[in-house]
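Here is a short briefing to read alongside the model. Take a moment with the sequence and the fold, then follow the topics below.

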Amino acid sequence: MRLVLLGPPGAGKGTQAALLTERYRIAHLSTGDMLRAARAAKTPVGLRAAEIMDRGDLVPDAVMIEIISDRINEPDCANGFILDGFPRTIPQAEALEQLLADREIALDAVVRIVVDEAILLDRIVMRAESGEGRADDKAETLKNRLEVYRTQTAPLIDFYKSHGTLREVDGMQSIEDVAASMDEALRVEAT
Ligand code: ADP
């Protein structure tokens, strides 16, 4: 199974992706995690991305597309994968279509986690204040990340609607209930 999770920062993509990974035995490809690992390892890409991430802006499409293109060739992706944080722009989504077509594979579903953005802001602020926050969890960066989501990433909703692969789940439920809704949405897809 090959999935894309769509949703604004704080929607719970990472949490749900971790659950889906266990359930379906497929790889979890979080571009945010990959960039943070590259940064920690001080690779050239990681060092260049660091500043961009701290501002809450997007790393250039070409960089992200190359990272994903390499990553889906890894053996752990043979059984399928969940993309969490990619694509984040229309050019990334178009590049993904091409990458998949080149490998003669396709997405099974794009699942949008639908959340209330005001409540979302509270959630991320809480995460920041709990001390577990990341460098990009600062309040001013958060605002920018939400704005970047609205302008750059939200257009993907219509993109995938017109490609007929979009499923929506209510992200304002408990983690367990979101997971159950996710399962249901994917069962519908499988039939
Ligand atoms: P979020 O908490 O918003 O889901 P992520 O952990 O997915 O954040 O990503 C953190 C940061 O990494 C983003 O704000 C962005 O700077 C960068 N990033 C991650 N994925 C992408 C992508 N597909 N395109 C561009 N930048 C990305």
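**Around helix H3**

Helix H2 (31–40) and helix H7 (139–153) are among the elements that cover the buried residues of H3. Do keep in mind that this is a predicted model.

*Helix H3*
- H3 spans residues 44–55, and its buried residues are Gly 46, Ala 49, Ala 50, Ile 52 and Met 53.
- Just past the end of H3, Gly 56 adopts a positive phi of about 85°.

*The ligand and its surroundings*
- The ligand has 19 residues around it, and those that come nearest are Thr 31, Asp 57, Gly 85, Gln 92 and Arg 145.
- H2 contributes the largest share of the shell around the ligand, with 4 residues.
- A polar backbone atom of Gly 85 lies 2.9 Å from a nitrogen atom of the ligand.
- From the side chain of Gln 92, an N or O atom is 2.9 Å from a ligand nitrogen.
- For Arg 88, the distance between a side-chain N or O atom and a nitrogen atom of the ligand is 3.1 Å.
- On its own the ligand has 550 Å² of accessible area, and the protein covers 95% of that.

*Arg 2*
- Arg 2 sits in strand S1, which runs over residues 2–6.
- Arg 2 is buried but has no salt bridge: Asp 108, the nearest side chain of opposite charge, is 4.5 Å away, and the cut-off for a salt bridge is 4 Å.
- A polar side-chain atom of Arg 2 is 3.4 Å from the backbone oxygen of Ala 106.
- Beyond its neighbours within four places in sequence, Arg 2 is in contact with residues including Gly 80, Phe 81, Ile 105 and Leu 107.

Note on methods
Residues are numbered from 1 along each chain as its sequence is written. This is a predicted model: local features need pLDDT of at least 70, side-chain atom pairs count only at pLDDT 80 or more; totals for chains, interfaces and linings use all residues. Side-chain values use heavy atoms; hydrogens and water are left out. Helices (H or I, at least four residues) and strands (E, at least two) are DSSP runs, numbered from the N terminus. Buried means under 20% relative accessible area, exposed over 50%, partly exposed in between (1.4 Å probe, protein chains only). Lys and Arg count as positive and Asp and Glu as negative; His and the chain ends are not counted. A polar contact is a pair of N or O atoms within 3.5 Å; within protein, one must be able to donate a hydrogen and the other to accept it, and residues adjacent in sequence count only if both atoms are side-chain atoms. Contact means heavy atoms within 4.5 Å. A residue is near a molecule or strand if one of its heavy atoms lies within 4 Å of it. Accessible areas come from the Shrake-Rupley method with a 1.4 Å probe; for residues, only the protein chains shown count as cover.
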